[in-house]
Amino acid sequence: MQNALASVARRLVATAFGGVVVLQAPPVCAQTYPAKTVRVVVPFAAGGPADIYARFLAQRLQDAMGQAFIVDDRPGAGSIIGTDIVAKAPPDGHTLLVMSNTHTVNESLVPKKPFALMKDFVGVAPINYSDLLMVVHPSVPAKSVREFIQLAKSKPRGLNYASSGTGTPYHMAGELFKAMAGIDVVHVPHKGSSEARTSVVSGQVEMMIDAITTMAPMAKAGRVRALASTGKKRSNVTPETPTVSEAGVAGYEATIWLGVMAPTGTPKPVIDRLNAEISKIASHPDVRKIWQEQGAVPMTLSPTEFDRYLNEDIAKWAKVVKFSGARPDQ
């Protein structure tokens, strides 16, 4: 009986205020975290890179930390619906957000949101980044980036490009390409990556700039034609395909990166432990090999470094949003 009472006493802290006793649970610490199932919210549609890598990461965090990590896809409104769910969650480390540069773009593209990224969230850790692949439907009479630009200039607003939604990296990669190439093609936003890919594969939309991890197999199967990759150098996944910069739009570069954030107020020891575990997973030789084959490059930063990275990315995309004239309703 005494041991049971002592156990209860260790778990609860009694504080007296004017004769009223308030029982408070002790703060979450790295040693006791996670104390229950961790919900990993992905504010994008299932089947895209965020969903795929969230599930990869969740399984390995579960193995390492001894509690279930459950992925919960909550797409909608360009990531805002799922993100807001996490913003309003208890800041105890048991609800996490998998995010991308969609979030840093939305800080300038969608200023009127129910949350502010760097106010309502704290950076936990990056996951990885990957190049994108510019593809067209095989029926499009353009075999190169230069030919696509010429075709677009001959038919102003006569060509379309798909994305998984307004503000996503695919949308902004398209807007950046339009601005740098001096062309006017129409953005066709979709509810998710899978839907956007279907539109391109079926020929309903002529072009898409999509994650190389998911689009390269379609290009190799002949379902779409790859024109260029979007990194600084050629991807090892599509080494025969030039970069957009090589192919005629000098200086062009666009990638998609993924990371994890938690609600502001989440205890620092919990943030630090999650960062350590995620960094350990991303640095594991087997994981690096798997990701390299898919075209993804692991990222490892401390929470402080990740916050700095996020702020720099917000500033970068604010410039793109401004000069491209992109709007939330495009």
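**Helix α3.** I started with helix α3, residues 80–87, in this predicted model. I looked up which of its residues are buried, and found I80, G82, T83, D84 and V86.

I then asked what covers the buried residues of α3. The cover includes the strands β3 (38–42), β5 (95–100), β6 (121–136) and β11 (255–263). Helix α4 is also part of that cover.

**Residue T102.** Next I went to helix α4, which runs over residues 101–109 and holds T102. Is T102 buried or exposed? I noted a relative accessibility of 0%. The cut-off for buried is under 20%, so T102 counts as buried.

I listed the contacts of T102, leaving aside its neighbours within four places in sequence. They are F44, G78, S79, G167, T168 and P169.

**Residue P114.** I moved on to the loop between α4 and α5 (117–120), where P114 lies. Which residues does P114 touch, apart from its neighbours within four places in sequence? I wrote down I80, D84 and K88. Two of these names were already in my entry on α3, as I80 and D84 are among the buried residues of that helix.

I checked the pair P114 and D84 again by their C-alpha atoms. They are 30 residues apart along the chain, and the two atoms are separated by 6.8 Å.

**The whole protein.** I counted twelve helices and twelve strands. Buried residues make up 52% of the 330 residues.

I looked at contacts with a separation of 6 or more, and 76% of them are between residues 24 or more positions apart. The P114 and D84 pair, 30 residues apart, is one I had looked up myself.

For the overall dimensions, I noted that the C-alpha atoms fill a box of roughly 85 × 40 × 30 Å along the principal axes. The radius of gyration is 22 Å, which agrees with a compact globule, because one of 330 residues would have a value near 20 Å.

**Surface and charge.** The protein exposes about 14,800 Å², and carbon and sulfur atoms supply 55% of that area. I found 35 positive and 27 negative side chains. The centres of the two sets lie 1 Å apart.

**Confidence.** Last, I checked how the prediction scores. The average pLDDT is 90, and 90% of the residues score at least 70. Over residues 1–26, however, the pLDDT is below 50. Beyond near neighbours in sequence, this stretch has 19 contacts in the model.

Methods: Residues numbered from 1 in each chain as written. Predicted model: local features only at pLDDT ≥ 70, side-chain atom pairs only at ≥ 80, totals over all residues. Heavy atoms only, no water. Helix = DSSP H or I, 4+ residues; strand = E, 2+ residues; numbered from the N terminus. Rg over C-alpha atoms; globule rule 2.2 N^0.38 Å. Buried < 20%, exposed > 50% of the residue type's maximum accessible area, 1.4 Å probe, protein only. Contact = heavy atoms within 4.5 Å. Areas by Shrake-Rupley, 256 points an atom, 1.4 Å probe, with all protein chains shown as cover. Lys, Arg positive; Asp, Glu negative; His and termini not counted. Charge placed at Lys NZ, Arg CZ, Asp CG, Glu CD. pLDDT = per-residue confidence, 0-100.
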